[in-house]
Each structure stands twice: as C-alpha cells, then as structure tokens.
Amino acid sequence: METLYPIFYGTSLVTMDVLYRTFRPKMHPEAARRMFNFIEHQGGKFGIGGGWRSAQPVKPGFAPEGRSFHESQPFPSGSYYCAWDTVVVNPGHVHRSPVWSEVPVQGTQLAIDYGCHMNVGVPGGAGAEPWHMQPIELDGWAPWNNGGRPDLRTDYPIVLSAPRDPVPQPPLPPALPPTTEGVLVQFQSRVLVEGQVGPDVKFFQRQMNEIAGQGLLLDGYYGGKTTQAVKNWQGFFGLPVDGQLGPQTQQSIIEISLQKS
Ligand SMILES: [Zn+2]
C-alpha cells in the first residue's frame with residue numbers, strides 16, 4: 001500500500017503526490033527539495049500542516065507582516081515561501097504537532113543532515129514551536145534581511161538517502177470516491193458544530209476566508225458567524241445546509257483548497 005502522509009491538522013492522510021501539488025509550487029525549490037526529502041525519510045510519520053499566509057495579523061508573539069518565511073519572500077532567484085509547519089500522524093486522526101525529540105533541532109547533526117531545522121525558540125522555552133521548520137540558512141527574518149537577503153544554497157549535501165521503514169498507519173475510513181483529479185484524499189475528522197473550539201475549527205475558518213471571503217475571526221471558536229459561513233458554503237456548493245462541518249462539507253472545503261494551490 002502506498003505510504004500516506006498527514007496534511008493540514010493531521011485529520012487527513014494524503015498521497016505524496018497531493019503533498020507535492022499542495023505545497024511545492026510556491027516554495028523555494030531548494031527549500032522544497034529539503035522538505036520533501038525530510039518527509040520521505042520519516043516513513044509517513046510526518047506531513048505538512050501548512051502555515052502559509054499572504055498577510056500576518058499582528059498578534060503578540062507572531063512575526064509582523066512581511067517578516068515571516070511563512071510569507072513569500074524575495075530571494076535572488078525569485079519570490080518564494082520558505083517555512084512550513086509540520087504535523088505528525090497519529091492513530092486517532094486528531095491533530096498532534098511534533099515534539100522536540102522528534103525533529104531536527106537547530107544546531108544538531110540531524111538539522112545539518114537534512115539542511116533544515118526547527119529554530120523558533122528553544123526546547124522548553126516560552127513560545128517555542130517544535131513544528132516550525134525552515135532551511136538551515138534561515139535563522140530569522142531580520143538577520144537574513146540585514147545580510148542582503150541571500151539565496152539558499154542550491155547544492156545542499158543532504159546526507160541521508162534511504163527512507164526509513166514506513167510507520168504503521170492508522171486504519172483509514174472507507175475509501176471516498178476519487179476526486180475530479182483522481183487523487184486519493186481521505187478524511188476522518190470529527191464533526192464540528194457550533195460551540196466547539198480547536199485548531200481544526202481555525203483551519204476551516206481560514207479556508208473559508210481565503211476561498212470564500214467570509215471575513216471570520218481566526219479564533220478557532222465555532223460561533224454563530226462560523227455557522228453562518230458554513231451555511232453559506234453549503235448553500236453555494238449544493239450541500240445539505242445544516243451549518244455543521246461534517247465529512248461532506250469538510251471534504252468539499254479541502255478539495256477546493258487543493259485545487260486552488
Ligand atoms: Zn511556523
């Protein structure tokens with residue numbers, strides 16, 4: 001069976017082909033080469049949570065707008081995204097971010113081998129993000145900018161070459177019909193309803209904002225406005241209008257966001 005990888009909040013598993021098509025087109029080619037090398041070596045344990053944005057709301061603890069590698073940045077070879085948030089597969093299909101012991105920490109041999117590292121904060125420190133990965137040359141927006149915005153090294157010698165044995169994968173729900181592009185996309189997320197809170201709520205709020213301009217506050221709280229946005233979506237796409245994010249509505253949002261990328 002083909003190895004599947006977690007995507008977004010880890011509530012879905014997709015083929016490597018979907019991961020490529022979702023994330024690679026906008027990435028710095030060298031960052032993408034290292035990222036996918038890392039992921040393929042983890043045997044399906046790691047995937048991409050996402051994290052790209054066109055604008056960063058100013059929030060305490062977040063990089064100001066224009067100063068994040070989660071936004072497209074001007075390199076000598078072109079404008080590209082260079083940071084990504086990883087996600088780890090788990091049996092319950094519930095969102096889990098990696099912990100420090102699982103990732104290439106800044107300054108370690110593992111980071112050197114893969115040419116990418118987790119460098120936001122230090123293990124155990126306040127605001128530390130063991131899920132945030134970027135190329136090893138990029139230690140922060142300010143030093144990179146002050147250093148003349150140098151390009152990534154395009155011949156980074158990735159040391160490891162043999163993929164790790166596949167990790168056991170959680171049982172998948174019954175196969176969904178192929179999408180229009182014939183790509184396997186499987187979901188087993190909880191049904192989301194008004195009153196719930198979580199990163200998965202926030203994920204769908206973001207998608208509905210970006211695809212359908214709903215203007216929701218990205219607070220991860222499924223309130224009345226989120227319910228209305230879901231009803232709008234369902235009405236527009238001819239789905240049963242109940243204001244809940246069940247499998248069918250989630251599937252439709254994910255598929256359209258994949259087509260968009
Ligand atoms: Zn991040």
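**Chat about R149 and the zinc site**

User: What is the relative accessible area of R149?

Analyst: In this predicted model, R149 has a relative accessible area of 29%, which makes it partly exposed (buried is under 20%, exposed over 50%; 1.4 Å probe, protein chains only). Residues are numbered from 1 along each chain, local features need pLDDT of at least 70 and side-chain atom pairs 80 or more, while totals for chains, interfaces and linings use all residues. Side-chain values use heavy atoms, without hydrogens and water.

User: Where is R149 found?

Analyst: R149 sits in the loop between α4 (141-146) and β9 (185-187) (DSSP runs numbered from the N terminus: helices H or I, at least four residues; strands E, at least two). Its phi is positive, about 50 degrees, although R149 is not a glycine.

User: New topic. Which residues coordinate the zinc ion?

Analyst: H70 through NE2, D85 through OD and H132 through ND1, at 2.1 to 2.2 Å. Along the chain these donors are spaced H-x14-D-x46-H (N, O and S atoms within 2.8 Å of the metal, 3.2 Å for Na, K and Ca; water is absent, so sites may look incomplete).

User: What does the pair H70 and H132 tie together?

Analyst: Parts that are 62 residues apart in sequence, because H70 lies in the loop between β3 (46-50) and β4 (73-75), and H132 in strand β8 (residues 132-135).

User: Are H70 and H132 buried or exposed?

Analyst: Both H70 and H132 are buried.

User: And M35, what is it in contact with?

Analyst: Apart from neighbours within four places in sequence, M35 is in contact with F23, M27, I48 and W84 (heavy atoms within 4.5 Å).
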